[in-house]
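Reader: I am new to this structure and would like a close look at one part of it. Please start with the charged side chains and go on from there to the strands.

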Amino acid sequence: MKKFFQEIKADIKFKSAGPGQKLTESAGEKAPKEKPSQPPVRQPRQGPTNEAQMAAAAALARLEQKQPRARGPTSQDSIRNQVRKELRAEATVSGNPEAPGSNTAPEPKEEGPAHLAVPGVYFSCPLTGAILRKDQRDARIREAILMHFSTDPVAASIMKIHTFNKDRDRVKLGVDTIAKYLDNIHLHPEEEKYRKIKVQNKVFQERIHCLEGTHEFFEAIGFQKVLLPIPDQDGPEEFYVLSEAALAQPQSLERHKEQLLSAEPVRATLVRQRRVFRPSPLASQFDLPADFFNLTAEEIKREQRLRSEAVERLSVLRTKAMREREEQREMRKYTYTLLRVRLPDGCLLQGTFYARERVAVLYGFVREALQNDWLPFELLASGGQKLSEDENLAFNECGLVPSALLTFSWDAAVLEDIRAAGTQPDMSILKPELLSAIEKL
């Protein structure tokens, strides 16, 4: 073994001795075979110092700033694109097709989120029938009421009183006071003092003068504003005085009084936007627009009040019933809800509703779409919960906000009669005109 290792060491030593040479060759003869001049081997350079690396990095950064390179989309890019879209939308609404601050031609409008369940929340003006967006309804209704003065000033002034004034308690007090004035004239037509109303009277100023539309109402029913002298007073006072022509028609005054007392504010009607979709696995997916979540100033105040009440309730011990009521109150923060009803053939009937509307409204909405609207049926929420038409429950109290998918089911008695007749229930139950306008979800 020792001899084996010695041989290995000798072999290694022999190989490391370099190339061999003949014994007859001298050292002088070997010299020409060597390369005449070999450049000296350069020593490897040392790497740059830390200071040099920092200076190079700064120079490279300045160069990149001067020569921008293509880059992928970033979050800031998304924000800028969103701002550009909003500016273009505002410019389009205002009638200017170009975006503010841009001299270039408008770019094609980019579509919003794909497959919106409904384009928005829309309303119908009861006076003109025009379809209005959520942010247009108040201004357009005001315009319609003012235009109505040219055709029926009495009705227009009554609508103005009940619609333009938001404080319902103040409106009721003012309307009751006006009705009292008219009752006195009707009961005492011969007494002149009841036909005159002093404008600067404290009661008139506090209850009537402060309401929009009251002055137009007095003038529309036959009162005239005149200046009358006051005993023991230097200057005259302003009065509303009923004309002789109006006094000769007491029935008209009584009718106007009843109209004033029974009137309600003019409110835009929510458009259901009824749509029918083919069967789809996306039936339970709802991509809602921002209109379903935006809060008006009144809704924000209501939400703040509810939050304050919730903070107070946290300081006391709550029962299960109290917690359930609080959950229902949380549901009430939604103003609108989008509901779909899956029919026996799988088609979907969709509509927009107020969150505070009752379940019976949904039953009526479905019944209007059926060929045989007299047949009883049931609506089932998720989990098979039956929603009874007779229960006075709102959608937000049933948890059907801001959207929900329900299932149509024939009443058990109807199914029993159909099976007893040896037939199968008809799967297609919608009116033909609705089926002809069916869409893909």
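Author: A salt bridge is counted when a side-chain nitrogen of Lys or Arg lies within 4 Å of a carboxyl oxygen of Asp or Glu. The model is predicted: local features need pLDDT of at least 70 and side-chain atom pairs count only at pLDDT 80 or more, while totals for chains, interfaces and linings use all residues. Residues are numbered from 1 along each chain as its sequence is written, and side-chain values use heavy atoms, with hydrogens and water left out.

By this rule there are 12 salt bridges. One of them joins aspartate 135 to arginine 133, at 3.3 Å from N to O. For accessibility, buried means under 20% relative accessible area, exposed over 50%, and partly exposed in between, with a 1.4 Å probe and protein chains only. Aspartate 135 is exposed at 61%, and arginine 133 is partly exposed at 33%.

In another salt bridge, the closest N and O atoms of glutamate 378 and lysine 386 are 3.1 Å apart. Here glutamate 378 is buried, at 16%, and lysine 386 is partly exposed, at 48%. Through shared partners, salt bridges also link Asp183, Glu254, Lys257 and Glu258 into one network. Within it, glutamate 258 and lysine 257 have their closest N and O atoms 3.7 Å apart. Lysine 257 is buried, with a relative accessible area of 7%, whereas glutamate 258 is partly exposed at 39%.

Arginine 340 is a charged residue without such a partner. It is buried and has no salt bridge; aspartate 287, the nearest side chain of opposite charge, is 9.3 Å away. In this count Lys and Arg are positive and Asp and Glu negative, with His and the chain ends not counted. A polar atom of the arginine 340 side chain does lie 3.0 Å from the backbone oxygen of glutamine 285. This is a polar contact, that is, a pair of N or O atoms within 3.5 Å; within protein, one must be able to donate a hydrogen and the other to accept it, and residues adjacent in sequence count only if both atoms are side-chain atoms. Setting aside neighbours within four places in sequence, arginine 340 is in contact (heavy atoms within 4.5 Å) with residues including Gln285, Phe286, Leu349 and Gln350.

Arginine 340 belongs to strand S8, residues 336-342. Helices (H or I, at least four residues) and strands (E, at least two) are DSSP runs, numbered from the N terminus. S8 runs antiparallel to S9, and seven bridges join them; two strands pair if DSSP finds at least two bridges between them. Tyrosine 336 has tyrosine 354 in S9 as its bridge partner. Five residues lie between the strands of this hairpin, where glycine 346 takes a positive phi near 90°.

Strand S9 (residues 348-354) has seven of its seven residues buried, so the rest of the structure largely encloses it. In a regular strand, side chains alternate between the two faces of the sheet. In S9, Leu348, Gln350, Thr352 and Tyr354 point one way, while Leu349, Gly351 and Phe353 point the other way. S9 also pairs with strand S7 (residues 275-277), in the antiparallel sense over three bridges. There, phenylalanine 277 has leucine 348 of S9 as its bridge partner.
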